[in-house]
Amino acid sequence: MIIFGIPLFGNPPKELCTMIEDKLLILRFKQGRNGALRQIYDKYKVELLKLSIVLTGDVNAAEDMVHDVFVKFAQSADRIRLTGSLKNYLITSVINRTRNYRRDNRRRSEIGLDKVDLVTSAERGPLQWAVLSERLELLSRAMQELPYEQREVISLRMETDLPFRRIARLQRTSVNTVKGRYRYGINRLRSLLNSEVDK
Amino acid sequence: MNSADKIKRLFEKAELGINPNADEKVFQDVFQARQKITTKTPAIPGIWRITMKSPIVKLAVAAVIIVAVLLGINQFGGSGTSVVWAEVARKVEASRGLIFRCTDSTASDEYDYSIAYTSPRYCRKDFYKDGQIIRTAYVDFTGSDTNTLIDVFHIHKLCMTTTFKKSENGLFLEWRNDWTNPSFLVQTILSGEHSKLGRKTIEGVLCEGIETTDPACFGSLPGPVNNLQVEFRLWVSVETGYPVLFESKMSGEYEGQWDESGCVIDQFQWDVELDSSILELNIPPDYEKVQRPGVVGP
């Protein structure tokens, strides 16, 4: 039985099962089993790539960031103190790198980084990692029309199901502010993607 | 469907493919980054220590008590004035061993249902998926100052043993004591408003039921849950005086999110003498065994 995201008498909800599974994976990984690293990588790569793509609107940059997140994780996993879930840890890593990326590219941003066209799969080289569907390209473009904070809230909520409270913690703001950003973001996306949303 | 739901659906439909060649190259980079780390693996903090430090899990652990209360309803729910319910309390108290099935109404990918075997000194719970046991949890309450949880994850071929000091379990595992303490349960159940449901036949057994929708039966909750709503129904065989069916629905707002759940507990076997082989540890030899002694308090 499950209530409030918590297990009753050892019947863990999916989130807790994931957490237990992740902790087992990390335990095995720390014990030197490379199969565990592969499992972690396979489990989260798509979700992290999607998150990064909708946040940045730049597939190449998103690939680099997620690649970097996994490399850093592999290098530092022994030192990581996982008090929460692995998923949240990786998501936070992507968010931090995205913010750094934006900060480092401020000059580009001043000339309209958020407005650059999405680099689509077809325009990229043979070693492209992520292959975007038309719908994801459309969504990513629309997301770039939102202020970054709204984009972050929408992405985290829609792509990773993070609760508002956690997003608020990540954005160092109040839950109400996050909910406001979410509301405005949804309305704006709705108007931008009107026909697509109703399909 | 509101705008948020539609956008959510759009996100779900926005697919991302992975180029397998590039994927392998990226993974090799990650793998090599790992290989370069030659530092010997430091001591790993206990999984269960980590788990128990988590507020969510503390809440979860505390919620085990709530289950005890729920099962208390199973076992001792009553108006306090009815002869039938007083008899239920007496019979359940005298029950040596108990087997029951628990099915969540909330869809779970992890398992379909679980079967619990309990005795005053041991407890075992098997989690089933597609007819196969995917996980078995054993609890041993017989230690003088420790309780032991042995969790066997069959999919992972992993057996994790955790020892808890009885004095430091917090709420975890102590629920067993509460469960076996009828006066605690009767007191808890009777503290809430409850009503009789009359009689009905369940799988050929004439039953009498009671219902409570009083959240107060939980007592004080271990975390901030708003708008808690509960609906518990217990059906007891008129002939045997033992519970036959327990249904629950709960909902509330936790961490800003609405959450709801429910379960059906049935297939009760009361006052059974459990074969010792059921509660005996059965761990295949090829399973990895992990000890978590660090969980025991400082």
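**View 1. Chain B and its contacts across the sequence.** In chain B, 51% of the contacts (heavy atoms within 4.5 Å) between residues at least 6 apart in sequence join residues at least 24 apart. This is a predicted model, in which local features need pLDDT of at least 70 and side-chain atom pairs count only at pLDDT 80 or more, while totals for chains, interfaces and linings use all residues. Residues are numbered from 1 along each chain as its sequence is written, chains are lettered from A in the order in which they are written, and side-chain values use heavy atoms, with hydrogens and water left out. Chain B has eight helices and 13 strands, which are DSSP runs (H or I over at least four residues for helices, E over at least two for strands) numbered from the N terminus.

**View 2. A:Thr56 in helix H2 of chain A.** A:Thr56 belongs to helix H2, residues 34–56, and is buried (under 20% relative accessible area with a 1.4 Å probe, protein chains only), because its relative accessible area is 9%. The side chain of A:Thr56 reaches the backbone oxygen of A:Ser52 at 2.8 Å. Leaving aside residues up to four places away in sequence, A:Thr56 touches A:Ala62, A:Met65, A:Thr98, A:Tyr101 and A:Gln144.

**View 3. Helices H4 and H7 of chain A.** The axes (lines fitted to C-alpha atoms over the stretch in contact, with angles from 0 to 180 degrees between N-to-C directions) of H4, residues 86–104, and H7, residues 148–160, come within 13 Å and cross at roughly 155°. H4(A) and H7(A) are therefore roughly antiparallel, a term for angles over 145 degrees.

Notes:
Buried means under 20% relative accessible area, exposed over 50%, partly exposed in between (1.4 Å probe, protein chains only). A polar contact is a pair of N or O atoms within 3.5 Å; within protein, one must be able to donate a hydrogen and the other to accept it, and residues adjacent in sequence count only if both atoms are side-chain atoms. Angles under 35 degrees count as roughly parallel, over 145 as roughly antiparallel, 65 to 115 as roughly perpendicular and the rest as oblique.
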